[in-house]
Every structure is written in structure tokens, then in C-alpha cells.
Amino acid sequence: MAHLQFHDSGRPMFVQVLRPGRTMIGRSDTCDLALPSDSVSRVHFVVDGKRDGYFVHDRSRHGTTINGERVGDGYELKDGDEISVGIYRATFRSRDEGLRSPTATIPVQAAVHEELLAGADDRIAASRAVLRFVRGPHQGESRTLLQARTSVGGAGATVELEPKLPRGAVYLRVVRGRTMVEPGDVGAWLAGARIREITPVLPGEEVRIGDHGFVVEPTTIEEEGREVEAFGDMVGQTAAMRRLFAVLQRFAGHEAPVLLTGESGTGKELAANGLHEAGPRFEGRFVAVNCAAIADNLVESELFGHEKGAFTGAVARADGAFHHADGGTLFLDEIGEMRLEVQAKLLRALESGEVRRVGSGAAEFPDVRVVAATHRNLQEMVRRGTFREDLYFRLAVLTVRLPSLKERRDDIPVIAKALLARHHPTARVSPEAMSALQGYDWPGNIRELRNVLTRAVVMGGDRIGAGDLQFNPWSFDGARAAPEPPTTDSGGDDAERKAIEQALLDANGNRTQAARLLGIPRSSLLYKLNRYGLMRR
């Protein structure tokens, strides 16, 4: 697998995998690899991967230097070539050399035809591709691309142009909202060049087929969640829960991190496991780590692994959770309990894709999707300085708050029946007992409901009556503390707005730099600027 190994004074930094077709490298977030520095042009250079090699095309005003000499268009890379990109240095390698999986700079193809910009509870904002005709009989018409691969051509094509063309004159592929054109059965041109292999289409570049010409542009859509009956092992019959299931189902097909919030016992691990099983990584492993249950001095080793002798008791080299979840999903439960210094290393792993074992300077690149969960108010922790703001925004592009059981009393009968079917299939709940279950406030949520039902079966048998229910068997010293407010209310919106305003100030109005400071894609920042009315500012 050909790749560029970026390094700093000989120290490996990260790897950019090179695929067939064009790989854009520059400062802009629209590039496949975005390098933050004023010494790097918005699109600095393009690597064109062809059957006979990889070729560099300089697109910068600063110049691209290889082996100490400035190069122009069409330079063929050779194994070991040293490339200078502003302040960055990279070595081209034409072979694998032990690189086992893509880094974070090359995302796994999403299962759907869109890039999610933001999402919370019952609404979605996404970027989709729109085909707009600029010449020919269909000039002025537009079509939204609603599938991963779209045929353009004659009769029977997804987008029909004219009957004399073959069905598959050309094909469009959409990955995470970005479009690529694939050659079909007739000659087609992209920006004046014949299309001979799958090639990314940039906004404004015209694709021509005979007398027809079109461009593909991104558009932002906002949708309220539709309703589905269930998600994974989660059940519910209220409209709010069915909309929540639909949002989780949409999230499952994407690679972005997901943050699950809500009180303890609301089913966050069930939701995380559902995201894994319903997504494209279902054949990989689902690895769950409870950050609150690991000793402070072992969290880093549990996540990233360690070398033999790295600390007392490290008698052998060990893999961490990132290694075990390679190709799958890593669930970080109770992430609000993580120490600040470990948060910094987790942020680095999410940003660059690299993982370093305790006691080792070598970088590894496990391919992992991260789902995090917490019962704490992370936005309040950010204000207090106990949780990193950049890590919060990195995790919270896609957020879901799971409601407490007290907020969804109408779901208690269906949840109770599902729990009994799973754990005590012969047990039944009387109407009087079900009424009592619905009248209780459930401070321990679904976990407590399961325990109450189990105690009733153990103590009274398969027919559960109201007298068999034992609520709240533990005692508390003083009044029970109120749960922390959810992180998706209007106060959370105010905190996000203020953080965005501060990032813009720190970046002197540069939106790309502000997005990097917040740890979110530029497309997500632009959506939030529109949402909060900050675009003009």
C-alpha cells in the first residue's frame, strides 16, 4: 500500500495512504489531508495515482520541493523520495512496510450517500450532492443524488439524459457527501480531460457527455427524524423514542464519533452496541471500556497498550483497547471520568489516527470508530476546566441524549416485557404490578427496572404481583442528588455558540482555523454558523 510517512526531524508523525485517483494535500479542509500552516497553500499539491505509478502536480504559490528541488506537474514519485510541503516533510513509500490499516486521514467509506454535519436527538443536518445541468436540453434542472452509485445515461439510468445513450454512459459515486465520477460506456470529460478512471469531482468542475454538461455541488439539508420501531436491543413505543431510534440508525452508517449522554442506566451501552451492529463495521469487534472502573495510572495502558518494562508489573508487551478494536468500534463509557492528560492523548489519537504504547515512541494506526458516553454534563465540565473543550467538540458532532425512564413512563410496559423475555421468559406482570412500575420514578432507570423484576421473580415466582415489587432497596444519606441537566438543552446551545465565537476571535475570523481549534470539520462549523446567525460576522 503506497503512502506518505510524515515526520518531524526523523520522528514519525502520521501516515497518509495513497489510493488510485487523486489525493489532494493542502491547508483547506476540502483536501484529503489538511495541514495547518500558513506555509501551506489551500491546495498545495495533488498526487495522481495511476496504474503505472504516482505522480505529483504542484498547485501552490509556495512550491513543492522533492529531494531538495522544486518540481512542477507530472513528477513521478520514487520509493524514498523526500517531499517538502511548507514546514512539513514526508517520505514516499511504494510498499506496505507493515502499515495494516488506514489512518484517520483516509476514512472508511460510509454506508450512505451523505456526510453528517450535526445531529442530536431528533434532528439531522447533512451534506448531500446535487447534480445541476449547465448545458444541453436539461440546462437549469437539478437532481439530488440519493444513493452511493448513480448511473447517468439513456433509458433505465437513474438520471436519464436521452434515449440514444447507453444506460450507463457514466457513473457517479458519492462517499461522505463527496462525489467521484466513474467511466462508463461512452466517452466523457471532466474539466476538459477524458475520464479514464474513478476521479474526484470538485465543486464547479463540469462533466460533459455529448451535448450534456453538469456540475455536482454540495447542499445542506436539515431533517426531523422519521420513526422506527426499535434499534438494536433497545425498545420503546413512544414517538420520541422511535425518532431517537431513527437518528441512531442514521448515525450507524457513518464514521464520525458519537457522544451518548444521559443518566446512568438509560441504555447507553445498548445504543453503542447497536451503532456497531447496524454500521459497516459489524464484522469487526465491539470493545467497551469503562473509564470510571480503571485505576488512574492504568487508563493510558488500557487504551493504548504498553511495552514490556514500561512500568512496574508490565512483564510483557500488551495491546490496548484501540488495538483490540482495530476494524471495529471502541466504546468509551463514562468518558467524563478521564484525566486531562489522558484526554490530550485520546484527542491526538482521534485527530491523527496514531496510537503510541506506553514506553514506546513508535506510532501505530488502528482503524477504530469511537463512541463515547457519559452521565455528566460535559459542557459544564468544559467551563470548569475539567474536560478539554477541543476533545468535547471532536466527540460531540453527533450527539444523542437518552431520556430517563421517568421521562418515558409509557415505554415501561414494553421495556419490562422485553427484559422478562430476555432474562425470565416464563414470568408475567399483573396489571396492578405494571401500574405500580409506571408510577415509580426509577432513579436507577432501566438497570434498576431489571433488578426490581429479577428480585420479584426470585422472591415470588413467575406471576409478579404488586406485592412482589421491592423498590429502592438501598438507602441514601440525605436527599438524593438531582441528576445533572442534559447537555442538549438551550443552555448547551448557548455554550456552543460562545465557544464558536471565541474560536473565531482566536483565529482572527479564519473559519478553517476556527474549525481546527474546535476539532470539528469546516463543513460542520459552517452549518453551526448559519444555525446561530454568525455567518456574516
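Modeller: Please bear in mind that the model is a predicted one. Its secondary structure consists of 13 helices and 32 strands. The protein exposes about 24,600 Å², of which carbon and sulfur atoms supply 47%.

Colleague: Why is Thr150 called buried?

Modeller: Buried means under 20% relative accessible area. Thr150 has a relative accessible area of 2%, and therefore it is buried. The residue lies in strand 15 (residues 149-153).

Colleague: Which residues does Thr150 touch, not counting those up to four places away in sequence?

Modeller: Thr150 touches Leu145, Thr158, Val159, Val170, Tyr171 and Leu172. Tyr171 also has a charged group over its ring: the charged end of Arg149 sits there, 3.9 Å from the ring centre.

Colleague: What makes Arg194 a case of a charge over the ring of Trp189?

Modeller: The distance part of the criterion is that CZ of Arg is within 6 Å of the ring centre. The charged end of Arg194 is 5.3 Å from the centre of the Trp189 ring, and it sits over that ring.

Colleague: Why is helix 2 described as largely enclosed by the rest of the structure?

Modeller: Helix 2 (residues 268-277) has 10 residues, and seven of them are buried, so the helix is largely enclosed. The buried residues are Lys268, Ala271, Ala272, Asn273, Gly274, Leu275 and His276.

Colleague: Which residues of helix 13 are buried, and what follows that helix?

Modeller: In helix 13 (residues 522-531), the buried residues are Ser524, Leu525, Tyr527, Lys528 and Leu529. Gly533 follows helix 13, and its phi is positive, near 70 degrees.

Colleague: Which residues have the most contacts inside the largest nonpolar core?

Modeller: They are Leu260 and Phe322, in a core of 72 residues. Helix 1 (residues 239-252) gives the most to this core, namely eight residues. Leaving aside neighbours within four places in sequence, the contacts of Phe322 include Leu303, Phe304, Leu330, Leu346 and Ala349.

Colleague: How many aromatic pairs does a search of the whole structure find?

Modeller: The search finds eight aromatic pairs.

Colleague: Why is the pair of Phe133 and Phe214 called edge-to-face?

Modeller: A pair of aromatic rings is described by the distance of the centres and the angle of the planes. Rings pair if their centres lie within 6.5 Å, and planes over 60 degrees apart count as edge-to-face. The centres of Phe133 and Phe214 are 6.0 Å apart and their planes are at 75 degrees, so the pair is edge-to-face. This pair links distant parts of the chain, with Phe133 in strand 13 (residues 123-135) and Phe214 in strand 23 (residues 212-224), 81 residues apart. Phe133 and Phe214 are both buried.

Colleague: What are the distance and angle for Tyr440 and Trp442?

Modeller: The rings of Tyr440 and Trp442 are 4.7 Å apart, centre to centre, with 85 degrees between the planes, and this pair is edge-to-face. Ring pairs also link Tyr440 and Trp442 with Phe471 into a cluster.

Colleague: How do you know that Tyr440 is buried, and what of Trp442?

Modeller: The cut-off is again under 20% relative accessible area. Tyr440 has a value of 16% and is therefore buried. Trp442 has a value of 1%, so it is buried as well.

Definitions and conventions:
Residues numbered from 1 in each chain as written. Predicted model: local features only at pLDDT ≥ 70, side-chain atom pairs only at ≥ 80, totals over all residues. Heavy atoms only, no water. Helix = DSSP H or I, 4+ residues; strand = E, 2+ residues; numbered from the N terminus. Buried < 20%, exposed > 50% of the residue type's maximum accessible area, 1.4 Å probe, protein only. Contact = heavy atoms within 4.5 Å. Core = buried A, V, L, I, M, F, W, Y, C linked by side-chain atoms within 4.5 Å. Areas by Shrake-Rupley, 256 points an atom, 1.4 Å probe, with all protein chains shown as cover. Phe/Tyr/Trp six-rings, centres within 6.5 Å; stacked < 30°, edge-to-face > 60°. Lys NZ or Arg CZ within 6 Å of the ring centre and 35° of its normal.
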